[in-house]
Amino acid sequence: MTDLLEPRAIGQALVRRDGEQKVRGTATYAYETPVENPAFCHPVQATIARGRVTAMDTAAAEALDGVLAVLTPFNAERLASTDDAEYAVLQSPEVAFRGQLIGVVVAETSELAREVADGITVAYAEQPHDSELRTDRPDLYAPEQVNAGHPTDTSEGDVEAAMRSAEVTVDHTYETQMLHNNPIEPHATTALWEPGADVPLTLWDSTQGVHPDRAAVSEVFGLDEQQVRVVCPYVGGGFGSKGNPHANVMLVAMAARALPGRPVKLALTRQQMFFLAGYRTPTIQRLQLAADRRGRLQAIAIDVVEQTSKVKEFAEQTGVPTRMMYASPNRRSTHRLAALDVPIPSWMRAPGECPGMFGPEVALDELAEELGMDPVQLRIVNEPDVDPDTGKPWSSRHLVECLREGAQRFGWSDRGPGRRREGDWFVGYGVASSVYPTMRQATSTANVRFERGRYVAEIGAADLGTGAWTVLPQIAADALGVDVADVEVRIGDTRYPTASVAGGSSGTNTWGSAVSVAAREFRDKFGTDPHDGDEASGDVDQAAMDEDHAAYAFGAQFAEVRVHADTGELRVPRLTGVFACGRIINPRTARSQLIGGMTMGMSMALHENSVFDPRIGQVANHDLAEYHISVNADVQQIEAHWLDEHDPYVNVMGSKGIGEIGITGTAAAVVNAVHHATGVRVRSLPVTLDKMVPGLP
Amino acid sequence: MKPFSYARPGDVAEAVREVAAEPNAVFLAGGTNLVDHLKLGVATPDLVVDVRTLTSQEVTDLPDGGLRLGAASTNSEVAADRRVRERYPVLAQALLAGATGQLRNAATTGGNPLQRTRCVYFQDVTTPCNKREPGSGCSAVGGYTRYHAVLGVDAALPDPDAPGTCIATHPSDMAVALAALDAQVQVLGPSGARTLPFTDLHRLPGDDPATDTTLGHGELITAIDLPPLPAGTRSAYRKVRDRASYAFALVSVAAVVTDDGVRLALGGVAHTPWRATRAEELLRGRALTDDVVRAAMDAELAAAQPQPGIDGGNGFKIPLVHRTVVATLRQLTTEAQA
């Protein structure tokens, strides 16, 4: 049990502290960092999916006026560490996927760099590539573990026996599509290498964590961490794709080291981001559900097939939420990977939970239909008393309350039997649950200092648009017992104490805990009447940590879908989400996170789709004109509500993390509503009108 | 991007002379498509001649009761023009269904019909494309064909290595409406002015997929004329796309219904805005019941060739455009009765 902070600033819908700068356009992003006389980079990418670069004709390029450097696998510096193969940039002429970095041109202008890079002729020894994900591949393998350290497989009881003996079963295969994070700010860096300086390498980089970024870069270049500074006050979105640095960061650092004293800039183009910045693997999920006539699950099983890259393994933990969502005596989850000649998948908003709450939540809808049961009620009867995965009690779990309140707010009782027509449109309602684990990272430190009558808290945290600039002062103010106006927080620079990545919805939980400890230390040392310059620091590991409970945020999402009777066009006029995610630090930024997640979930349901062309080994629709993200005209009424949840086990703020839960379950709610509207069951995302047309009258 | 020279001549005649004199020269108007292509390396001109301010920006009445759209009038201006909205709703609707407000403010009457295909392989210089690099082959065949043609192509899977193979579609919404309206194109070229029917402006790939239109090098569209329509004419544009806004058509239908019959043009299905002349013939003089329209569209689409490919291919377009025509004509008929 933790004594929660007395909420005074916490809970206030304060405006974003960085809002005015962003609206005015004066907030400085990585690429815009004002530096003297910058040079500009443009990458050269492989145009084969597998093989070897045998020659690159760079002589003409290097001779051009304005070209400052051309780096290739044949002349680039040897890196100190290539343990992480993604970072082994220009270390070998081998090509492991189409779009891989095989060079960079540094020039006086970005236009010249691009022209020269595009004009370099490359000779290859091409080999056949293999980039098609299928479930019948003989080379599927079980990784040692899946993302976030979860076991690859779990099993309890006998699913097959339960499937044979149960009164009602569902056994279907569901597919989620390849998705790209596509933050609006591209992956961008300004880099400066000053060999004689105390801190020779400075990176102004768009990242979800300046300290993790620094750790990766210093290892790759064999530098002490103190020799590298990473600065990142603002991020134009990341969605996980800036959680780890990608190869572009190593490339721009190499370019900077080739031009000592001269700042260099690199921003990936939108097209390049489809090769180099990570993506969400497509998943193929076989779901088996067995139930009695009253809907109580006798078995639940998920068997996942998904892809990774031959260069580096990333195993999305898609089967993990099925392990803990619902009660059932017989349970199984497995993950199998195909290692392909493709770019490296990585984190994208709610890795694991996002695709992993699609198959099961649609399968439950199919089970409800088989049973003739309300899908809300089906979820309620399968509510587990304790975490089915670990046997631990819940720190708090209010899924049933979310379902009930959501149903009431949405008007679920008007649902009716389905295939209701209003004018030219079929109308349907669907529901799905949401979940996201409540995490706190092991390492983060904050300083609190009294400076000219104000309290200054420093921590190298990142604000990717989530609101860290605004909510950390609220936490610090309540931890110190002062007005929020008397608190200044400084983030986004490795000069401040070490902070964990803004990932796993853990930022506020982790940094807020460190800030609270620092505030407590400060008060213990200096009392309530400190002197100028008094300073204390605190580590997150000094904060109370509960290991005895399973901690998750839960939610329920309800969707109204309309399907045009002539054309199959799909619209989502209403999405209602109700979440139980601990104490809300700032309702304004929280609502933005939740409706942003729901919007992204709707976009996944209806629009986003990286169409991978296995013949050439690349995403065919690799720009934002052809990779569709929901636009304003698609977004009508999206509401996010939350319960007033009090959880004494998670942290001193009582907060659970809200950045990712909004995207989980949304696609299932939409697909379930599509079925209710039309009778057409779509098991493969996205739901597009061509999948509707054959089922229309 | 390849460096190029930029010229801003004083009048259209000079602009035409400058482009005609340089084999690798292009006109620039709104730039909404060309500038992207310059950046991507899809277009690599040596000379760009800016005509944005050289032609008329006005919409003017013609003596025969029609309207003349100056080539420099923007898509936004034309869509907002009261005469266009009242007399040619199919055109106003088509314009407003295209792109975004910002793009419509920049895109012009002369430039819009000359935009190039959105085929993802055409836009990616690292893949073979007969339209971009004649003779290199067609990557779209058997590839990502969702936005590709089903009409005006010979086979379901044409030979990707043949130099004439191209299954691209024309992406313009405006052009589909202009095809249905029997618009006339005013052109100025090195050998003088001429007028051509809008339906003759675009061409099927034939053995030269690199050439989208019948305009000669140096020919510039100076205006597009809308002929008068008989009283009681009704028209509509229906666009079906993958999201509610800012997406190219999967299929679209421009329909103009007069007492004499129906004029129908289809978008998203062919290398040109596709005038459905076979269906028009079968509909002439007939009451436009669903059954009659269905039979006409069956005939129109008899030669359609679904293109298989990754992500399911594009066979869905055939029933989709069929249904969309039926629905659009039903809507126009119902409105007329109301």
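Visitor: In what order do the seven strands of the open sheet in chain A run?
Guide: The model is a predicted one. In chain A, seven strands make up an open sheet with mixed pairing. Their order is β3-β5-β1-β14-β11-β12-β13.

Visitor: Which strands are the edge strands of this sheet?
Guide: An edge strand pairs on one side only. In chain A that applies to the strand at residues 67–71 and to the strand at residues 228–231. These are β3 and β13.

Visitor: By what angle are neighbouring strands of this sheet turned against each other on average?
Guide: The average ignores strand direction, and the pairing in this sheet is mixed. The angle is 20°.

Visitor: Which residue is the bridge partner of A:T190 in β12(A)?
Guide: Strands β11 (residues 188–193) and β12 (residues 201–205) of chain A pair in the antiparallel sense, with five bridges. The partner of A:T190 in β12(A) is A:W204.

Visitor: At about what angle does helix α6 of chain A run to β11(A)?
Guide: Helix α6 covers residues 247–258 of chain A and lies across β1, β3, β5, β11, β12 and β14. Helix α3 (residues 110–119) of chain A lies across β1, β3 and β5, at about 20° to β1(A). For α6 against β11(A), the angle is about 30°.

Visitor: Which helix of chain B gives the most to the side that touches chain A?
Guide: The contact between the chains takes 26 residues from chain A and 25 residues from chain B. On the chain B side, five residues come from the helix at residues 317–337. The residues of that side comprise 13 nonpolar, seven polar and five charged. The helix that gives the most is α10 of chain B.

Conventions:
Residues numbered from 1 in each chain as written. Chains lettered and ligands numbered in written order. Predicted model: local features only at pLDDT ≥ 70, side-chain atom pairs only at ≥ 80, totals over all residues. Contact = placed C-beta atoms within 7 Å. Helix = DSSP H or I, 4+ residues; strand = E, 2+ residues; numbered from the N terminus. Nonpolar A, V, L, I, M, F, W, Y, C, P; charged D, E, K, R; others polar. Pairing = 2+ DSSP bridges. Axes fitted to C-alpha atoms, helices over the stretch in contact; angles between N-to-C directions.
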